[in-house]
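Subject: Structure handover

Hello,

Here is the structure for you to look over. My notes follow below it.

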Amino acid sequence: MAEILVRNDEILWRLVEDKVVILDMDEAIAIMLNDVGSHIWTALQTQKTKEELINQVIEAFDADKETVRKDVHSFLNDMIKRDLIRIR
């Protein structure tokens, strides 16, 4: 069964000029996401699988599947490690 991904609801974030800015209170930093990261973050308004996110990014950015797969995997691993995105 595929892992379900969700945003950590306790995280403060804002959309600033079409980019997501996340306030990571554990590290006391603000993280500005790039276009792809912002797209993934906003897509996670509802729970998604990694494969759903990959397909959405491919469609939104007309990008190569293997490149997107690597980028999404790397982004999600970082966000999960920081507890900004969680696995259900």
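Start with leucine 23. With a relative accessibility of 33%, leucine 23 is partly exposed; that label covers the range between buried (under 20% relative accessible area) and exposed (over 50%), with a 1.4 Å probe and protein chains only. Leucine 23 sits in strand E3, residues 19-24. Helices (H or I, at least four residues) and strands (E, at least two) are DSSP runs, numbered from the N terminus.

Some ground rules. This is a predicted model: local features need pLDDT of at least 70, side-chain atom pairs count only at pLDDT 80 or more, and totals for chains, interfaces and linings use all residues. Residues are numbered from 1 along each chain as its sequence is written, and side-chain values use heavy atoms, leaving out hydrogens and water.

Surface patch

Core

The largest nonpolar core holds 20 residues. Ile22, Ile40, Trp41, Leu76 and Ile85 have the most contacts inside it. E3, helix H1 (35-43), helix H2 (50-61) and helix H3 (65-81) each give at least two residues to this core. H3 supplies the largest share, five residues. A core here is a set of buried Ala, Val, Leu, Ile, Met, Phe, Trp, Tyr and Cys residues joined through side-chain atoms within 4.5 Å.

What does tryptophan 41 touch, leaving aside neighbours within four places in sequence? Its contacts (heavy atoms within 4.5 Å) are Arg7, Ile11, Trp13, Val20, Ile22, Leu33, Leu84 and Ile85. Serine 38 is in helix H1. Serine 38 is buried, at 4% relative accessibility. With neighbours within four places again left aside, serine 38 contacts Asp18, Lys19, Val20 and Leu33.

Sheet

Three strands make an open, antiparallel sheet in the order E5-E1-E6. Strand E5 (48-49) and strand E6 (85-87) are the edges, each pairing on one side only. Strand E1 (residues 4-7) pairs with E6 over three bridges; pairing requires at least two bridges found by DSSP. Arginine 7 has isoleucine 85 in E6 as its bridge partner.

Salt bridges

The whole structure has eight salt bridges, each a side-chain nitrogen of Lys or Arg within 4 Å of a carboxyl oxygen of Asp or Glu.

- Aspartate 35 and lysine 19 meet at 2.4 Å, N to O. Aspartate 35 is in helix H1 and lysine 19 in strand E3, so the pair ties together parts 16 residues apart in sequence.
- Aspartate 24 and arginine 82 have their closest N and O atoms 3.8 Å apart. This pair links strand E3 to the loop between H3 and E6, 58 residues apart. Aspartate 24 is buried at 3% relative accessibility, whereas arginine 82 is partly exposed at 24%.
- Glutamate 51 and lysine 65 meet at 3.7 Å, N to O.

Finally, Asp24, Glu27, Asp78 and Arg82 belong to one network, joined by salt bridges that share partners.

Best wishes
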